[in-house]
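Subject: Structure for you to look at

Dear colleague,

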Amino acid sequence: MTTAASFPRDRPLRARRRLAFAAGGAACYVVLLALQGHPAITERLYSSTIYPVIGRALSRLSRIVPFSLFEIVVAAVVGVAIIGIVSAVRDVVRRQRRISNALLSGLLEFGQTAGILLALFYVLWGFNYVRPSLETRLGLTRGSPATAEEIAGFARQLVDAGEAAYMTIHGRADAGTPTRLPADRRATMAALDSGWRRATTELRLPASSGARYGAPKSPWSSTAARYMGISGGMYFPFTGEALVIRDLPGPQIIKTAAHEGAHQRGTAVEGDANALAFFVCALSPDPLVRYAGLSFARDQMLLELARKDPKRWRVEYD
């Protein structure tokens, strides 16, 4: 007869507590679904009130250390999971724990962890996905789609403005070398902050958008991040860090920093973050920051022209 004493490493399931945590994560997702049809409520009760306090506090705390906390948090979560799996397998192999106990306990622990992380994700940032779109927040109305001629005109304006910024940076039309960031990036990031302040005033964004957040960081695992499909950067809401992949071209680092800064300030939708990144860069007093935003917008406009009228795109691109 098998008794409990035969398996001294069996763990208490604590099913009620663990399922409660899993249910908490699911409940936050249900709230997100409910808020999808009420973006104005999300804006009033979370995105422009609660979130700015949370996001800025996390950002200012994480900026105390010069390295990325993102990797430490991920390594801790993954490390604890691996240790738990290895320990369970060892106990089962040694016949000190029933396989049913190990599997059920593992599933319950996974559900608990997933529930906690999901709830934290939504509370710390994720509800911003259902706030009003940027065009709604800016009071813009959507008209008829732009014609190929209009898109080509915008592209030419961006090319001219970008060339003017390039001339200010290098003093000539072609410097012969890639445009790089200065060795000390603090002045460039300060100019980006200045762009945020000006954009906040001119676009009538919430006052929190012009506040100072933690500077972007480059994770040590940038190479691994590329293999995972992260080509430019990401925002890590658990620490409030804007992360930019190392070794990008100078203008792309600036544009990505502005894009992740938009996420930091509560803009979750990628297209809206790109638009804010352009405005912030274009309104900066630093010609290098302006060039980064203008060259990004130029490429996006040419890409849109290529989709709409390939023949016209070839003319403009040449």
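Below I go through the helix packing, then the pockets, and then the cavities.

Please keep in mind that this is a predicted model, and that the values below were computed from it.

You could begin with helix α7, residues 148-170, and helix α12, residues 287-308, which pack with their axes 8 Å apart and at an angle of about 155°. Because angles over 145 degrees count as roughly antiparallel, α7 is described as roughly antiparallel to α12. The crossing of these two helices is left-handed, and their contact is made up, by class, of 19 nonpolar, 2 polar and 3 charged residues.

A second pair to find is helix α10, residues 250-264, and helix α11, residues 270-282, whose axes come within 8 Å and cross at roughly 120°. That angle makes α10 oblique to α11, and the crossing is right-handed. On the α10 side the contact is made by I254, K255, A258, H259, A262 and H263, while α11 brings E270, A273, N274, L276, A277 and C281. Sorted by class, this contact between α10 and α11 has 7 nonpolar, 3 polar and 2 charged residues.

Turning to the pockets, the largest one has a volume of about 1200 Å³, and of the 27 residues that line it, E135, A146, F154, A275 and M301 lie nearest its centre. Two or more lining residues come from each of α6 (134-137), α7, α11 and α12, and α12 gives the most, with 8 residues. The lining of this largest pocket has 15 nonpolar, 6 polar and 6 charged residues.

The second largest pocket has a volume of about 760 Å³ and is lined by 33 residues, with M189, G214, A215, P216 and K217 lying nearest its centre. Here the elements that give two or more residues to the lining are α8 (186-202), β2 (241-244) and α10, and α8 gives the most, with 7 residues. By class, the lining of the second largest pocket divides into 17 nonpolar, 5 polar and 11 charged residues.

Finally, how many cavities of 30 Å³ or more does a search of the whole structure find? The search finds 3, and the largest cavity has a volume of about 100 Å³. This largest cavity is lined by 13 residues, of which R131, R137, P206, S209 and R265 lie nearest its centre, and its lining has 5 nonpolar, 5 polar and 3 charged residues.

With best wishes

Conventions. Residues numbered from 1 in each chain as written. Predicted model: local features only at pLDDT ≥ 70, side-chain atom pairs only at ≥ 80, totals over all residues. Heavy atoms only, no water. Axes fitted to C-alpha atoms, helices over the stretch in contact; angles between N-to-C directions. Helix = DSSP H or I, 4+ residues; strand = E, 2+ residues; numbered from the N terminus. Parallel < 35°, antiparallel > 145°, perpendicular 65-115°, else oblique. Left-handed = near helix turned anticlockwise from the far one by under 90°. Contact = heavy atoms within 4.5 Å. Nonpolar A, V, L, I, M, F, W, Y, C, P; charged D, E, K, R; others polar. 1 Å grid on protein atoms, 1.4 Å probe; cavity = no way out; pocket = protein on both sides within 12 Å on 5 of 7 lines; lining within 4 Å. Points joined across faces, edges and corners; volume = space filled by probe spheres on them.
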